[in-house]
Amino acid sequence: MTKRRFVILLIAAGVGLWIGIRWANFVTARKLVSQSEQGQLAPCPDSPNCVSTQANDPRHRMEPLPLDEPPESALQRLKQIIESLPRNSIVEQKRNYLRAEFRSAWLGFVDDVEFLVDTVEKCIHFRSASRVGHYDFDVNRKRMEEIRKQYLNLVESTEIDEQLPKEMEHDQD
């Protein structure tokens, strides 16, 4: 095989791989939309590159976020947090649902992050999953742990801010 043929073959393989990844991203995004319309998050696949509050197995399971305010306010907090993180875009937002995409720094692989407010259980369910591949080196779990930490800090600071005026009123009496 000549060097020229090898280069052409290598370029064709790269283009084919790129097209395949883009197609997989498109198909996965369509599945997420249909799941959210049914009031549930998509289940995690068998691969370890997904975490969800609705998963039953410990490998994928995380605890949901508490809901102590109107759904719109809680989702606004989450949107604020997501927008502060790198390489993201908010893709869809409804009254009780928020979906974002995060892209990897290298090759631009997409991870989908979804939040679904459950007013009956007073919690926010979430799912974070890679669209392609098998391993993610715990990127999805670490991302959701960071979002949880920031969300709980925001909720806690708001509760403190709300308590301060009440305490000041009592001090003035």
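Where does Arg59 lie? Arg59 is in the loop between β1 (50-52) and β2 (65-66). This is a predicted model: local features need pLDDT of at least 70, side-chain atom pairs count only at pLDDT 80 or more, and totals for chains, interfaces and linings use all residues. Numbering starts from 1 along each chain as its sequence is written, and side-chain values use heavy atoms, with hydrogens and water left out.

**Fold**
- The protein has three helices and six strands. Both are DSSP runs numbered from the N terminus: helices are H or I with at least four residues, strands E with at least two.
- From the N terminus on, the order is α-β-β-α-β-β-β-β-α.
- Of the 173 residues, 36% count as buried. Buried means under 20% relative accessible area, exposed over 50%, and partly exposed in between (1.4 Å probe, protein chains only).

**Loop residues**
- Arg59 is partly exposed, because its relative accessible area is 46%.
- Arg59 and Asp46 are 13 residues apart in sequence, and their C-alpha atoms are 9.7 Å apart in space.
- Arg87 sits in the loop between α2 (71-84) and β3 (88-93). Its phi is positive, about 50 degrees, although Arg87 is not a glycine. With a relative accessible area of 47%, Arg87 is partly exposed.
- Leu107 belongs to the loop between β4 and β5. Leu107 also has a positive phi, near 75 degrees, in a residue other than glycine. Its relative accessibility is 54%, so Leu107 counts as exposed.

**Buried polar side chains**
- Arg131 is placed in the loop between β6 (123-130) and α3 (139-172). Arg131 is buried, because its relative accessible area is 13%.
- The side chain of Arg131 makes a polar contact of 2.6 Å with that of Glu101, and one of 2.6 Å with that of Asp112. A polar contact is a pair of N or O atoms within 3.5 Å; within protein, one must be able to donate a hydrogen and the other to accept it, and residues adjacent in sequence count only if both atoms are side-chain atoms.
- His125 lies in strand β6 and is buried, with a relative accessible area of 8%. A polar contact of 2.8 Å links the side chains of His125 and Thr53.

**Rings**
- Rings of Phe, Tyr and Trp (its six-membered ring) pair if their centres lie within 6.5 Å; planes under 30 degrees apart are stacked, over 60 edge-to-face, the rest tilted.
- By this rule there is one aromatic pair. Phe115 and Phe126 have ring centres 6.3 Å apart and planes at 55 degrees, so the pair is tilted. The pair links distant parts of the chain, with Phe115 in strand β5 (residues 110-118) and Phe126 in strand β6, 11 residues apart.
- Phe115 and Phe126 are both buried.
- The charged end of Arg143 sits over the ring of Phe102, 4.4 Å from its centre. The criterion is NZ of Lys or CZ of Arg within 6 Å of the ring centre and within 35 degrees of the ring normal.

**Largest pocket**
- A pocket is an open set of points on a 1 Å grid over the protein atoms alone, where a 1.4 Å probe fits, with protein on both sides within 12 Å along at least five of seven lines; lining residues have an atom within 4 Å of a point.
- The largest pocket is lined by 20 residues; Ser104, Asp111, Asp136, Val139 and Arg143 lie nearest its centre.
- β4 (97-103), β5 and α3 each supply at least two lining residues. The largest share, four residues, comes from α3.
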